[in-house]
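Morning, everyone. I have one structure to walk through today, so let me put it on the screen.

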Number of protein chains: 2
Amino acid sequence: MKAEDKILDAALKVFASEGFTGATTRRIAEEANVAEVTIFRKFQSKENLLKEVLIKNRAEISELDILFRIESDTDIATDLCNLGKKIAKDLRDKKKESKHRMLMFMLFEEGRRRPEVAEILTSVFQMYISRLSEYFEVQLQNGKLRNINPRSTALAFISYFVHTSLLRGVVDDCFMGDINEEVERFTDIFAHGILKTADTKVG
Amino acid sequence: MKAEDKILDAALKVFASEGFTGATTRRIAEEANVAEVTIFRKFQSKENLLKEVLIKNRAEISELDILFRIESDTDIATDLCNLGKKIAKDLRDKKKESKHRMLMFMLFEEGRRRPEVAEILTSVFQMYISRLSEYFEVQLQNGKLRNINPRSTALAFISYFVHTSLLRGVVDDCFMGDINEEVERFTDIFAHGILKTADTKVG
DNA sequence: ATTGTAAGTAAGTAGTTACTTACATATATT
DNA sequence: AATATATGTAAGTAACTACTTACTTACAAT
């Protein structure tokens, strides 16, 4: 792994856990196993390092687009449950040291201070919401859903996952037991909330 | 207003917007309209100032308990909608410069770094969830709800409000139109998600 | 063998920050 | 009037941090 990439990865990690102000170039260098001066040779300034971290991960996030593409199963409740599990799994995947959660934290924290960061958070959310909205829109036209607003519905769905994932980063696992079970419970409520009642069809 | 209180209020404001590390005692002093040295005379250290800010606002937050007490209206959908509007209103109340949102941001941000802060966030959430759970529990025994888990349901409900409130602090209002309308849409879905279907009763 | 490149070591600079000390002033209490 | 208490002004200290400079080492290409 090249020094530049090691630094970028380390920087994301340290920025996410200490915040931009709290992160020191020394710690980033330690984390990356490079000399501190290498950071400045490659990235000129801490400010610019942040910029590059965002650029790199923005690209990575865009590919995440796929995560929100629903593999339709004819059954909406099952669709949502599977999607939910997929999202929840991704937001706590330890293999990639939970890059998405680190990014999420950074975007939320630094977004309040830096418009460029807020702009990224905005566009990421817009992407997620668009994807989900499309799905709801289609199901609405299929006559399977009650009279709901697709965008608001998408936001509500996503809120649960982002919030619990943020919460888990702070209070780890004290509210929630088994994650899959929790997701099942949530998506069950959610699906019932938007579907035309089964009874209506039967009756 | 006494210097001590001016400092505590200013500190919450600055801590919430800049983070603990990013907040300087100079800025807090400016914000409070006191000399910087007064901060140290009253609070000894920045660290200790944070502690006192938490103590003061923890007491204030405990009173918030009332917010989650549901004024029952016999109709669960209406109950939840009213509760939602009450929460949403409180989380953006400008009169108190949105103290709750400032606190929320601070608890989420600093909670990841300071166990004492995480502990507060935990207990605040536990209080909220308990209150709501009780309500769901009762309605469950009244036979009005589907077979849901009260605690998971409470968490899901709260997630929407915390998340949208956090989001609003970063991307202000770009996803959501009129807040009350959004809340109505969400609580409509949510109520339908947990209630025994109307059709069942009719048919 | 020479040169170029990527990286490390070491020392230093300038600015900031938490916190201190010493002294002055205003206000309230006795 | 005298004293105590709360606050301000001003100057300074020690530590830290972003960033620089100068020199060295390792290695690959020519």
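How much area do chain A and chain B bury between them? About 4,300 Å², with 64% of it on carbon and sulfur atoms. Buried area here is the accessible area, with a 1.4 Å probe, that two parts lose on being put together, summed over both. Three residues stand out: A:R112, A:F175 and A:I189 supply 17% of the area that chain A buries against chain B, more than any other three residues.

Ground rules. This is a predicted model: local features need pLDDT of at least 70, side-chain atom pairs count only at pLDDT 80 or more, and totals for chains, interfaces and linings use all residues. Residues are numbered from 1 along each chain as its sequence is written, chains are lettered from A and ligands numbered from 1 in the order in which they are written, and side-chain values use heavy atoms, with hydrogens and water left out.

Back to the interface. On chain A, 52 residues are in contact with 52 residues of chain B. Contact means heavy atoms within 4.5 Å. Eight salt bridges are counted between the two chains. A salt bridge is a side-chain nitrogen of Lys or Arg within 4 Å of a carboxyl oxygen of Asp or Glu. One of them pairs A:R146 with B:D188, where the closest N and O atoms are 2.7 Å apart.

Now chain A itself. It has ten helices and zero strands. Those are DSSP runs, numbered from the N terminus: helices are H or I with at least four residues, strands are E with at least two. The C-alpha atoms fill a box of roughly 75 × 30 × 30 Å along the principal axes. Of the 203 residues in chain A, 52% are buried. Buried means under 20% relative accessible area, exposed over 50%, partly exposed in between, with a 1.4 Å probe and protein chains only. Among contacts in chain A with a separation of 6 or more, 64% join residues 24 or more positions apart.

Last, two backbone points. A:N33 is exposed, with a relative accessible area of 66%. A:T74 also has a positive phi, near 65°, and is a residue other than glycine. A:T74 sits in the loop between α4 (46-62) and α5 (76-90). Its relative accessible area is 67%, so A:T74 counts as exposed.
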